[in-house]
Amino acid sequence: VARLHGTADPARIADDLIGVLRRIPAYAALVWTVSRQSRGRAAADPAALTEALGAILENAARFAIHEVSVIISDDPDGRLRITVRDDGGGMQNDAGDGPDLDSGGGGIGLTIAADVARAAGGYLQLSRGEPGFEAALVLDIRAP
């Protein structure tokens, strides 16, 4: 489904998902920000991007202390980068840039996000933040 010839507005999807997450009492006090540094749209089915970004945002909210941010930017390789950062404790392992998603080490939500990204011809990149954790969906871009 992610390879359908649709395009998705990641800022709108992020705003909609954050609106839902803010209604959950455990996440209501978090500061949520969306920074749009690219006007490009993701070359992905909107429902698939919603599923992937929703899983990443929920994961970030679960581990955040005060803040979750979404940064939508152009990647150096000409793709669209949707980065979600939290200020939580970060990864608790020493597995390079992230947990091994194929072994389930990243949780089911991040595994789903990685699968959606691959199906759309992109990838999910995980890394330690300073502080916290960072997950970036890198997808093909379509001009607005």
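What share of the contacts in the protein chain with a separation of 6 or more comes from residues 24 or more positions apart? In this predicted model, such residues account for 70% of those contacts. The sections below follow the chain from its overall pattern to individual residues.

The protein chain holds three helices and seven strands. Along the sequence, these elements follow the pattern α-β-β-α-β-β-α-β-β-β. The chain has 144 residues, and 50% of them count as buried. Its accessible surface comes to about 7,100 Å². Carbon and sulfur atoms hold 52% of that surface.

Five strands form an open sheet. Their order is β1-β3-β4-β6-β5, and the pairing is mixed. Strands of a sheet pair through backbone hydrogen bonds, either parallel or antiparallel. The edge strands are β1, residues 31-36, and β5, residues 123-128. Each of these two pairs on one side only. From one strand to the next, the twist averages 15°. Strands β4 (residues 80-86) and β6 (residues 133-139) run antiparallel and are joined by seven bridges. Arg 81 stands opposite Val 138 in β6.

Helices pack on this sheet. Helix α1, residues 10-21, touches β1, β3 (67-74) and β4. The direction of α1 makes about 175° with that of β1. Helix α2, residues 46-63, lies across β1, β3, β4, β5 and β6. Helix α2 runs at about 25° to β4.

The largest nonpolar core has 39 residues. Within this core, Trp 32, Leu 57, Ile 82 and Leu 124 have the most contacts. The elements that give two or more residues to the core are α1, α2, β3, β4, α3 (107-119), β5 and β6. Helix α2 provides the largest share, with eight residues.

Asp 9 lies in the segment before α1. Is Asp 9 buried or exposed? Its relative accessibility is 16%, so Asp 9 counts as buried, the cut-off being under 20%. Residues up to four places away in sequence aside, Asp 9 touches Arg 36 and Arg 41. Ala 11 is found in helix α1 itself. Ala 11 also counts as buried, because its relative accessibility is 8%. With residues up to four places away again not counted, Ala 11 touches Arg 36 and Ile 72. In sequence, Ala 11 and Arg 36 are 25 residues apart. In space, their C-alpha atoms are 6.8 Å apart.

Arg 39 counts as exposed because its relative accessible area is 57%, and exposed means over 50%. Arg 39 and Pro 10 are 29 residues apart in sequence. From C-alpha to C-alpha, Arg 39 and Pro 10 are 9.6 Å apart in space.

How values were computed
Residues are numbered from 1 along each chain as its sequence is written. This is a predicted model: local features need pLDDT of at least 70, side-chain atom pairs count only at pLDDT 80 or more; totals for chains, interfaces and linings use all residues. Side-chain values use heavy atoms; hydrogens and water are left out. Two strands pair if DSSP finds at least two bridges between them. Helices (H or I, at least four residues) and strands (E, at least two) are DSSP runs, numbered from the N terminus. Axes are lines fitted to C-alpha atoms, for helices over the stretch in contact, and angles run from 0 to 180 degrees between N-to-C directions. Contact means heavy atoms within 4.5 Å. Buried means under 20% relative accessible area, exposed over 50%, partly exposed in between (1.4 Å probe, protein chains only). A nonpolar core is a set of buried Ala, Val, Leu, Ile, Met, Phe, Trp, Tyr and Cys residues joined through side-chain atoms within 4.5 Å. Accessible areas come from the Shrake-Rupley method with a 1.4 Å probe; for residues, only the protein chains shown count as cover.
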